[in-house]
Amino acid sequence: AKWERVLGISVILSCCFIGVYWSYFRAPVSDTEMAPLPEPTQHDLLPADYTNTDFVLQRPRFLLFGDSLTERAFSVGGWAGALAHHFYRKVDVISRGFGGYNTRWAKHLMKDVFNGVDGTNTKLVTVFFGANDAARANGPPHSARQHVPIPEYADNLRQMVAFIRGLGVQTIVLMTPPPVHDAGRKDWQVLRVGKAASDAMPLDRTNEHTAGYAAACLDVGKELGVPCVDLYGRLQKEQDWGPNFFTDGLHFSPLGNAKVFEALLDTLASAYPDLKPEALPLHFPWFDQWDFEQPENTAAQIEALRQKGPYAVGKVEPKA
């Protein structure tokens, strides 16, 4: 038994030695042996305009106000995360999503959610409600509690926009509720209550019923002069949109989130072109713009801007 243990230890040590030798002394792998690196996307690159000499001491914010479709927007692959990456080091993207909320309840949160918000520190507000307002009054008990009639929903949106404008923020985007994938919603219902109970229960939401809420959101946007992202119409133009864009017929999959992000960017580009990342100042100077020989010179420029306020725009003076 003693010699067996010695032999076993020897074999283990030999394997370790071979592994170290192979790692450090073998010939370098060829290009054909290495897995190809993915090509960088446009958003992975650092555009020259991102390194402009304009800078601020505090980043302004984008405030996203909505229900669970906003609350979950920072999940892996979420549309808010993509937005934050797109505007990295330019703005802070803040999600204020409240799962299960409709506009009837959410409007009463605004004094707290928007506490301290003004037109200087907040560059954009998105208002993304309707998925819960569109819960059916004749559906299961939970959807009946969430249901808000279309006229009230539209009026609540008007009140929200008026409140935000009253704070001095004029850059607002409405977002329609997305379509509902009825089959996916039914599958979710079966998982939740079982097939027997589900067969005797109506759906809490349907695509047909949600259409009226999406139309009302678009109408309010036109009435108030607020751009609106028509997610309801846009997503349904894609092939197999239901199973591809939703996990449970209502909430977005990673691919669905990508489509929301894309649609929001398109709306910003057409409605608020000054909000593109390259048009916004950087948060503090780009590292390569510091005076390497005399960094106190750049620090003095930062201190001078500090006297003008946190959101004042400064400019790095060229190095001597």
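Of the 320 residues in the protein chain, 43% are buried, where buried means under 20% relative accessible area with a 1.4 Å probe, counting protein chains only. This is a predicted model, in which local features need pLDDT of at least 70 and side-chain atom pairs count only at pLDDT 80 or more, while totals for chains, interfaces and linings use all residues. Residues are numbered from 1 along each chain as its sequence is written, and side-chain values use heavy atoms, with hydrogens and water left out.

The protein chain has 14 helices and eight strands; these are DSSP runs numbered from the N terminus, a helix being H or I over at least four residues and a strand being E over at least two. Among contacts between residues at least 6 apart in sequence, 80% join residues at least 24 apart, a contact being heavy atoms within 4.5 Å.

Strands of a sheet pair through backbone hydrogen bonds, either parallel or antiparallel. Here, five strands form an open sheet in the order β3-β2-β4-β5-β6, with parallel pairing; two strands count as paired if DSSP finds at least two bridges between them. The edge strands, each pairing on one side only, are β3 (92-97) and β6 (228-229). Helix α3 (residues 79-86) packs on this sheet and touches β2 (61-66), β3, β4 (122-128) and β5, and its direction makes about 170° with that of β2; such angles run from 0 to 180 degrees between N-to-C directions, with axes fitted to C-alpha atoms, for helices over the stretch in contact.

| Pair | Sense | Bridges |
|---|---|---|
| β4 and β5 | parallel | three bridges |
| β5 and β6 | parallel | two bridges |

On one side of β5, V125 stands opposite I172, and M175 of the chain stands opposite V229 in β6. Which way do the residues of β5 point? I172 and L174 point one way, whereas V173 and M175 point the other way, and all are buried.

Rolling a probe the size of a water molecule over the atoms shows where empty space is left. The structure holds one cavity of 30 Å³ or more, a cavity being a set of points, on a 1 Å grid over the protein atoms alone, where a 1.4 Å probe fits but cannot get out. The largest cavity has a volume of about 30 Å³, taken as the space filled by probe spheres set on the points. Its lining residues, which have an atom within 4 Å of a point, are R234, L235, E238, K259 and E262, and α11 (231-235) and α13 (254-271) each supply at least two of the lining residues.

Terms used. Buried < 20%, exposed > 50% of the residue type's maximum accessible area, 1.4 Å probe, protein only. 1 Å grid on protein atoms, 1.4 Å probe; cavity = no way out; pocket = protein on both sides within 12 Å on 5 of 7 lines; lining within 4 Å.
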